[in-house]
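Please open the structure in your viewer and keep the selection tool at hand.

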Amino acid sequence: MSRIDSDIWTRLGEGRARGEFLWARWAAPDMTQRLLAAVDSNSKRHLLIRLQPGDAVLSDERSRGLEVATRDLSVPGQDIGRYLDVTCQDASGHEAFDLIGGELAERLAKERESAAECVTRVLAKWRRFWGEPPRQMLSREEQLGLFAELWFLSVWLVPRLGSDEAVKRWRGAFGARHDFEWPGRSVEVKATTSSRGAIHRIHGIEQLMPPDSGELLLFSLRLREEAGGGNSLPALVAACRQQLQVHDEASSRFETALAHAGYSQRYEEEYAAFRLRVVHEGLFVVRDDFPRITADQFNTGVPAGVEQVDYEINLSGFERFRVADSSSDRFPL
């Protein structure tokens with residue numbers, strides 16, 4: 001995903017705007033001449049889009065930390081004109097604001113929609129970010145889990161189902177019992193960096209129980225942490241966004257799920273330092289004597305007072321349950 005150069009804000013800060021004036025320059029001149037980056041006397045950052053004759057005006061204050069207004073502005077070298085002014089009110093969102101600027105520039109360059117339509121669609125996608133309170137950085141295990149879910153989404157589902165249907169099936173981020181769910185089937189996603197094989201931690205006796213009407217699959221992703229690894233969580237997020245950008249609804253749903261999963265752009269640099277290599281992947285059907293603990297294995301039910309049962313499984317020796325070795329194989333949908 002494109003972003004405007006963050007150095008532009010440093011250069012604009014040297015202008016020291018005063019009063020109601022804005023200090024501005026082209027935000028992405030290599031893509032479009034319609035988008036300006038500007039800084040006001042309070043050091044707030046603005047993205048300005050010149051409206052063309054007949055363009056609709058826009059006002060939007062629904063997003064925490066963002067404000068959109070229509071203003072008449074005088075820009076040196078141009079006549080007084082009407083601009084959409086997108087203002088970043090929250091300094092903690094500066095990194096996301098650069099991404100918003102990059103996406104606005106890309107859309108404006110295509111000239112397929114009006115400025116108001118462009119801003120409305122981009123903000124709809126990012127509204128979840130601005131509506132959520134700041135989050136803590138994901139733990140190492142949480143990063144691995146999210147990486148595995150996005151890998152299954154991007155590599156296994158999107159090529160087979162298309163972006164819209166694939167994202168609809170990603171339900172774990174919204175608190176569903178399994179990570180991916182659709183009528184007749186669910187998929188639980190697990191990642192491991194164990195050097196001993198496909199060893200995964202299972203949380204609770206319900207996690208490997210199939211849906212009420214259908215079967216359960218387990219996606220196993222073995223990873224190795226390596227300084228020279230070719231994968232990282234931010235790179236995979238960017239790849240997903242690239243796949244989904246042609247479908248506004250899928251893109252918006254993806255950003256919402258990503259926020260629910262706890263991923264924040266502000267930790268991108270830290271996440272990018274966690275480099276991974278994909279060692280092996282596979283899809284297993286969970287049935288019969290698949291290694292798992294279930295409630296019916298207890299003679300009188302789960303013992304009273306037991307709140308949580310966590311355990312590890314080792315898929316070595318259970319190849320008979322494997323239904324696919326790679327995304328290029330046919331697998332149950």
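Begin with the lining of the largest pocket, which by class has nine nonpolar, ten polar and eleven charged residues, where Ala, Val, Leu, Ile, Met, Phe, Trp, Tyr, Cys and Pro count as nonpolar, Asp, Glu, Lys and Arg as charged, and the others, Gly among them, as polar. This is a predicted model, in which local features need pLDDT of at least 70 and side-chain atom pairs count only at pLDDT 80 or more, while totals for chains, interfaces and linings use all residues. Residues are numbered from 1 along each chain as its sequence is written, and side-chain values use heavy atoms, with hydrogens and water left out.

Stay at the largest pocket and select Glu 141, Gly 145, Val 189, Lys 190 and His 203, which lie nearest its centre among the 30 lining residues. A pocket here is an open set of points on a 1 Å grid over the protein atoms alone, where a 1.4 Å probe fits, with protein on both sides within 12 Å along at least five of seven lines, and lining residues have an atom within 4 Å of a point. The volume of the largest pocket is about 720 Å³, counted as the space filled by probe spheres set on the points, which are joined across faces, edges and corners. Now colour α4 (140–161), β7 (185–192) and β8 (199–203), the elements that each give two or more residues to this lining; helices (H or I, at least four residues) and strands (E, at least two) are DSSP runs, numbered from the N terminus. The largest share, seven residues, comes from α4.

Next, select Leu 150 and Trp 170, the residues with the most contacts inside the largest nonpolar core, which has 57 residues. Such a core is a set of buried Ala, Val, Leu, Ile, Met, Phe, Trp, Tyr and Cys residues joined through side-chain atoms within 4.5 Å, and buried means under 20% relative accessible area (1.4 Å probe, protein chains only).

For the last stop, select Thr 294, in the loop between β10 (276–286) and β11 (310–314). Is Thr 294 buried or exposed? Thr 294 counts as buried because its relative accessibility is 7%. Leaving aside residues up to four places away in sequence, Thr 294 touches Ile 205 and Met 209, where contact means heavy atoms within 4.5 Å.

Key:
Buried means under 20% relative accessible area, exposed over 50%, partly exposed in between (1.4 Å probe, protein chains only).
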